[in-house]
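Me: I would like to learn how to read a structure of this kind, one feature at a time. Please give the general idea and then the case at hand.

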Amino acid sequence: MSLSVQSMNSQSSTAGTGLRRLGWLNVPLQRFNPQSHLVELARMLDPSANPRGFSVRAIGLNNCVWIVSCAGREEGWLVKQVQAHRRFSGVPTDLESADALVRKFPGLLTDKRLAFPHSVLHSRAPNGEHVSDILVARQAPGVQLGRFLAELDLNKVEDQQRLDRVCSSVGELLADFHSKYEDPCTGEATYHTDFHPSNVLYEPKTGALSIVDLTGMGSSGITDDVEKFARLMSSLAGERFAQTFRLRYIALAKPNHSECR
């Protein structure tokens with residue numbers, strides 16, 4: 001479980017070439033366990049921090065996404081294990097897609113509303129095989145919008161109004177996302193491709209919203225960001241809130257981006 005010698009010296013990638021390369025981890029099995037590599041991870045993520053102050057917790061159901069935190073540091077890291085090799089010929093890996101998106105839209109790396117990967121480390125099996133990539137993004141503040149929604153009592157007028165405000169803000173966020181990351185050649189929006197309440201984080205104290213799970217961004221042919229979010233919000237909370245989201249999006253989106261018109 002040792003860190004490869006190719007580590008901190010490989011941190012030379014910039015927005016012009018793709019994600020920052022942090023190095024290699026030697027793993028005993030294909031399934032990466034960050035708890036077993038916490039000291040190595042700490043040295044890669046923040047060489048100046050004390051590794052003893054780091055902790056990790058899994059999120060989601062697939063055992064491939066974790067939050068890594070460091071005591072005394074306000075913002076942690078979101079790490080996600082993805083396949084190192086293409087599933088199908090002609091279909092890029094998550095890392096290849098992320099590299100291409102960063103080259104196309106360098107602003108992805110500094111957009112505080114997005115938890116887009118900024119770095120990657122690679123895992124290697126004992127036989128030397130490159131078995132997976134570990135994408136590293138900032139830990140965006142807040143909770144999944146679906147979780148926030150579950151804590152509301154929509155029989156109360158104040159909670160209805162609160163959710164209306166949040167859904168309106170999500171519509172504004174998505175319209176701005178589509179506008180900011182439109183294709184420079186065609187002028188068409190670059191879609192998230194899996195935009196739903198669990199991929200939007202909401203921080204109730206500040207009202208901040210963030211978009212997560214962006215590795216599928218721009219996948220060919222998928223343009224249902226508005227439709228998917230509205231459909232799921234209608235199912236979870238009611239058509240009123242889906243319509244609040246739609247109307248705010250339509251009001252702010254460029255005409256060629258409003259697929260729900």
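Me: Where is Asn-63 placed?

Reply: Elements are DSSP runs numbered from the N terminus: helices are H or I with at least four residues, and strands are E with at least two. Asn-63 falls in the loop between E2 and E3. The model is a predicted one, in which local features need pLDDT of at least 70 and side-chain atom pairs count only at pLDDT 80 or more, while totals for chains, interfaces and linings use all residues. Residues are numbered from 1 along each chain as its sequence is written, and side-chain values use heavy atoms, with hydrogens and water left out.

Me: How exposed are Asn-63 and Asp-213?

Reply: Buried means under 20% relative accessible area, exposed means over 50%, and partly exposed lies in between (1.4 Å probe, protein chains only). Asn-63 counts as partly exposed because its relative accessibility is 42%. Asp-213 is partly exposed too, with a relative accessible area of 32%.

Me: In which order do the six strands of the open sheet lie?

Reply: Strands of a sheet pair through backbone hydrogen bonds, either parallel or antiparallel. Two strands are taken as paired if DSSP finds at least two bridges between them. Here the order is E1-E5-E6-E4-E3-E2, with mixed pairing. E1 and E2 (54–59) stand at the edges with a single partner strand each, so one side of each has no neighbour in the sheet. From one strand to the next, the twist averages 25°.

Me: How many bridges join E3 to E4?

Reply: E3 (residues 65–70) and E4 run antiparallel and are joined by four bridges.

Me: Which residues of H2 are buried?

Reply: In an α-helix there are 3.6 residues a turn, so residues three or four places apart point the same way. In H2 (residues 94–104) the buried residues are Asp-94, Leu-95, Ser-97, Ala-98, Asp-99, Leu-101 and Val-102. They pack against E1 (20–26), E4 (77–83), E5 and E6 (130–138).

Me: What surrounds Ser-119?

Reply: Ser-119 belongs to E5 (residues 119–124). Its relative accessible area is 4%, so Ser-119 is buried. Leaving aside residues up to four places away in sequence, Ser-119 touches Leu-19, Arg-20, Leu-22, Ile-134, Leu-135 and Val-136.

Me: How do E7, E8 and E9 pair?

Reply: E7 (residues 143–144) pairs with E8 in the antiparallel sense over two bridges, and Val-143 stands opposite Tyr-202. E8 is joined to E9 (residues 208–211) by four bridges, again antiparallel; there the bridge partner of Tyr-202 is Leu-209. E8 and E9 form a hairpin with four residues between them, and Gly-207 in the turn has a positive phi of about 80°. Both faces of E8 (residues 200–203) are covered: Val-200 and Tyr-202 on one side, Leu-201 and Glu-203 on the other, are all buried.

Me: At what angle do H4 and H5 cross?

Reply: Angles under 35 degrees count as roughly parallel, over 145 as roughly antiparallel, 65 to 115 as roughly perpendicular and the rest as oblique. The axes of H4 (residues 157–180) and H5 (residues 225–236) cross at roughly 165° and come within 11 Å. H4 and H5 are therefore roughly antiparallel. The contact is made by Cys-167, Val-170, Leu-174 and His-178 of H4 with Asp-225, Val-226, Phe-229 and Met-233 of H5.

Me: How far apart are the axes of H5 and H6?

Reply: The axes of H5 and H6 (residues 239–252) are 7 Å apart, and the packing angle is about 155°. H5 and H6 are therefore roughly antiparallel as well. Among the residues in contact are Phe-229 and Met-233 of H5 and Phe-245 and Tyr-249 of H6.

Definitions and conventions: Contact = heavy atoms within 4.5 Å. Axes fitted to C-alpha atoms, helices over the stretch in contact; angles between N-to-C directions.
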